[in-house]
Amino acid sequence: MKLVLFQIDTDMEPVPGILTERGVVNASRVMRPAATPQQTMQVLIDHFERFRPALEGVAIEGTARPVEAVRLCPPLPRPGKILCCIGNYWEHAQREARPLNMFLKNPEAVIGPGDTIVLPELTEPWIFMHEAELALVIRGPVKNVEREDWKRAVFGYTALIDVSARGEGRRTWKAGSWLGKSFDTFAPIGPCIVTADEIPDPNNLVVRFWDDGQLRHNYNTDDMEHRVPELVEFASSIMTLNTGDLIACGTNHEGLGALQDGESVDIEIEKIGRMRLNVVDPLKRSWERGIYMGADSTNPEAVRRHRPQA
């Protein structure tokens, strides 16, 4: 099942819905919205099995509105925590796996489908890049989850763009604190939450990202250095994971590129869906368009160009 938050018009509070092949179906008659949209989704996640029969009935029989006729909102507007993997993809390199590590991304950075990524009016970061990622939606509270038991902690999946400010090359700006990942609007999430039963293996999904129609990221999640069960075990060994928290699984850096003023971008993950966002830069800066091909790029062509084999 694909769960969403949506608005029929912009002056109403977002309400829960189901994204179907017929369109978006209002699920408010199954569960009344809570005090905030985030709490609404957390209640829905916590009590999903109780709500499921009624939701399945509404999905079939309820009135469906075309997706174009509503405004989809981020399905988790203010997660308690957004944990993001650092790297975590082989990128086709023959080497030892890097140590698993994560950072916390600011929940206030969350936006949703159709929203606008606003590049900050700071001149110190050199460039702003996209990272298209699969994200795990947690059902908690859970702590010290063994990797063999990872499924009890994962309610479902969504797509996340980890927008990143770079100091030089691929180096994250303010690397010691990772603040370059946490500007407002730097965590687009959506278009929906797909329940875990719809995705038998999260390590076999195609992730794609387009910038003004140019395909950049195009990889499969089977290329993770540390796979989903290990991510859940690692994160929950450090902190309690609560309902509505997110774990972003990292990205394949071969497709990194600059975001800049006036562009539209699309992220699509197999079995989850696709969403489009806009990019605005108040300073109207510009960088070379296309995939980043600097000396520290892992794009195969950049590797051949900068590190030729003897």
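This is a predicted model: local features need pLDDT of at least 70, side-chain atom pairs count only at pLDDT 80 or more; totals for chains, interfaces and linings use all residues.

Visitor: What is the phi of Lys174?

Guide: First, the general idea: most residues other than glycine have a negative phi. Lys174, which is not a glycine, has a positive phi near 55°.

Visitor: Which other residue has a positive phi although it is not a glycine?

Guide: Thr185 does, with a value of about 75°. Thr185 also belongs to the loop between E14 and E15.

Visitor: Are these residues buried or exposed, and why?

Guide: The cut-offs decide: a residue under 20% relative accessible area is buried, one over 50% is exposed, and one in between is partly exposed. Lys174 has 39% relative accessibility and therefore counts as partly exposed. Thr185 counts as buried because its relative accessibility is 13%.

Visitor: How should I read omega at a peptide bond?

Guide: As a general rule, most peptide bonds are trans. In this chain, the bond from Gly190 to Pro191 is cis, with omega near 0°. Pro191 lies within strand E15, which covers residues 187–195.

Visitor: How many helices and strands does the chain have?

Guide: The secondary structure comes to four helices and 20 strands.

Visitor: How does one judge the radius of gyration?

Guide: One compares it with the value for a compact globule of the same number of residues. For 310 residues that value is near 19 Å, and the chain agrees because its own radius of gyration is 19 Å. Along the principal axes, the C-alpha trace spans about 65 × 45 × 30 Å.

Visitor: What can be said of the surface and the charges?

Guide: The accessible surface is about 13400 Å², and carbon and sulfur atoms contribute 50% of it. As for charges, the chain carries 35 positive and 44 negative side chains. The centres of these two sets lie 1 Å apart.

Methods. Residues are numbered from 1 along each chain as its sequence is written. Side-chain values use heavy atoms; hydrogens and water are left out. Helices (H or I, at least four residues) and strands (E, at least two) are DSSP runs, numbered from the N terminus. The radius of gyration is taken over C-alpha atoms; the globule rule is 2.2 Å times the number of residues to the power 0.38. Accessible areas come from the Shrake-Rupley method with a 1.4 Å probe; for residues, only the protein chains shown count as cover. Lys and Arg count as positive and Asp and Glu as negative; His and the chain ends are not counted. The place of a charge is taken as NZ of Lys, CZ of Arg, CG of Asp or CD of Glu. Buried means under 20% relative accessible area, exposed over 50%, partly exposed in between (1.4 Å probe, protein chains only).
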